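Hi everyone, thanks for making time. I'd like to walk you through one structure today, so let me put it up on the screen.

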Amino acid sequence: MESLSPVRSVKRAIFPIGIKKDKELLMLLLPYGNINELFMTGLQEIICFYLQLACILFAALLSKKMPVKGKILWASFIAIITIMFTGRTDTKAELFLSIMLSVFLVMELYLMKIISFHIQDYIFLFAALLIPRRLFNSSFTILGYGLQFLVILSVLLGYGKVKEFYLRGKLFCYYTSFIYLSLTSLIFQIASDYLYCIFRYKLNSNPFMLTLTEAGLLLLLCCITYLLQHKLQSPLRLLNTIGNRYSDVEKYIIYLCALTVIAFLIIPIPFVLTRTSSDVLLTALSIFYIILLIIQIAFIILIYKITDYKQTLSFIDMAHDNETIYYASLNQNLEAMANLRHDIKNIFLTMGNFVERSNDSEMKNFFRDKIYPFATEEIEKNYLFSQLYQIPSETLRAFLHLKIFQAHNMNKNIKLTIRINKEFFYLGMDIMDLTRVLGILLDNAIEECNNKPGSYVDIRIKNNTSLLSYTIKNTISKKHNGNSLSDSKSTKPGHSGLGLTIAGQILKGYPLVNLNTYVDKTLFIQSLNIKNEEFS
């Protein structure tokens, strides 16, 4: 570490390390006097900046009641005046770099699309961010790049206050824009100054090459911003809702912005007071600034993730409440339908008595053969399918609906009884394995009832806190030979019995699941019992 005067500190702050400088230009940039005078000069420069910013903001405030074209013309006039004022203090090359930096920041704001601005807003922002490089001669020596972050934050919040009047609900958007602009402007500034010194002092290149290189750097960084915005459209849109939905989070944003800028401002001061600096230190400070800004971006991502997670939980709670209300209403409707089913049957029976009293034999036959059987069948079928909606699992519900529908089309007599408490419902098996096993049992039961008068399949599903049971009964026409799952083979004519073998292999992977088989003279009963792991 070497001891440096304030004059040497300015040299190190303005130009990259290891490049020869123009002595005459340096002499114009150097502040004179001791440390106290350096601080006083820096304070005066900051006051001048805020006076200039106040004039631009006042001009923007005056334009609020103008028509759109008038606003654009007025903003353009203010921008031209600002460029002329900046050109009075800076050299042409410095003015060019200031314009490029201001254009870059405005383009970044436009590409991010976090804050909604109009054309005149971007022009005013360009004027506000167009800072003469020599205006911050002493203050940049004391505060380093922290001064640039202060400028960006002041312009964003100041213009946002003029445009919105109330920033409540939008501070998080301004904070995110400030962090991203600070990071990209720091990268642009470091690279821009380095390129300027290379072309101006090392290569002795003409201004055209410098202009072309600066434009290429600006275009590259803007393309990166565009790609990021295109990829992160949904998270960026959510930023606009965080402040409105979570006011407790937003109220800390202004303090976080202030602490961030203060930290950047005070870091270089000890090195100025001790008049010490080095190439390694200045490089390390630049890297440290970038790391701090990246950490701020990570913090923004963390807030987004927490907010998104909280929204998801709220949605799940709302869906759970709606589902609870839905199933309670469904159960009431099912009970009402059960009562209505008997009432409608009675109505048709009563109607049949009136028909029988008539002298129209054709109407009597039509009612007995067509109307009454059809109405009774449809009532029973609709009641049968409606019971399936007690099952919370949509996949299982769809599977059972398909099987029962197929059985009805085959003119099979299907009975269904479901008694499910939704709060205690659980699958207990992978849904694919469960439907495969139930499919085998249902297919066997339906096939056993094929073309046999008086046969039926009775399906019963019930549960409690510790057990879920699927019971499938089917009639048998002759004494069953006692085959069960352990036999792994069906005795139905022309049936290979592979279904039961597959079911047995599947159930071996579920120790809490068992299949019980019972046979009597008229019924074949298979009960698939699934224990609740929490109570086992």
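One term before we start: a residue counts as buried when its relative accessible area is under 20%, as exposed when that area is over 50%, and as partly exposed in between. Please also keep in mind that this is a predicted model.

With that cut-off in hand, let's take L441, which sits in helix α18. Is L441 buried or exposed? Its relative accessibility is 1%, so L441 is buried. What does L441 touch, leaving aside residues up to four places away in sequence? The answer is I472, L515 and Q526. There is also G499, which is 58 residues from L441 in sequence, while their C-alpha atoms are 8.2 Å apart.

Now to the sheet. It is an open one, built from five strands in the order β3-β4-β5-β7-β6, with mixed pairing. The edges belong to β3, residues 414–419, and β6, residues 513–519; each has a single partner strand, so one side of each lacks a neighbour in the sheet. From one strand to the next, the twist averages 10°.

At the β3 end, the partner is β4, residues 457–463, and the two run parallel, joined over six bridges.

Let's move to another part of the chain, helix α6, residues 119–129. How many of its 11 residues are buried? It's 10, so the helix is largely enclosed by the rest of the structure. Among them are Y122, I123, F124 and L125. What do these buried residues pack against? Their neighbours are α3 (35–62), α4 (68–89), α5 (92–112) and α8 (146–164).

Last stop, the surface. Here Y309, L313, F315, I316 and M318 make up a nonpolar patch, and together they have about 540 Å² of accessible area. M318 belongs to helix α15, residues 279–357. With a relative accessible area of 45%, M318 is partly exposed, whereas L441, back where we began, is buried at 1%.

Notes. Residues numbered from 1 in each chain as written. Predicted model: local features only at pLDDT ≥ 70, side-chain atom pairs only at ≥ 80, totals over all residues. Heavy atoms only, no water. Pairing = 2+ DSSP bridges. Helix = DSSP H or I, 4+ residues; strand = E, 2+ residues; numbered from the N terminus. Axes fitted to C-alpha atoms, helices over the stretch in contact; angles between N-to-C directions. Patch = residues over 30% accessible without salt bridge, like charges linked within 9 Å, V, L, I, M, F, W, Y side chains within 5 Å. Areas by Shrake-Rupley, 256 points an atom, 1.4 Å probe, with all protein chains shown as cover. Salt bridge = Lys/Arg side-chain N within 4 Å of Asp/Glu carboxyl O. Buried < 20%, exposed > 50% of the residue type's maximum accessible area, 1.4 Å probe, protein only. Contact = heavy atoms within 4.5 Å.
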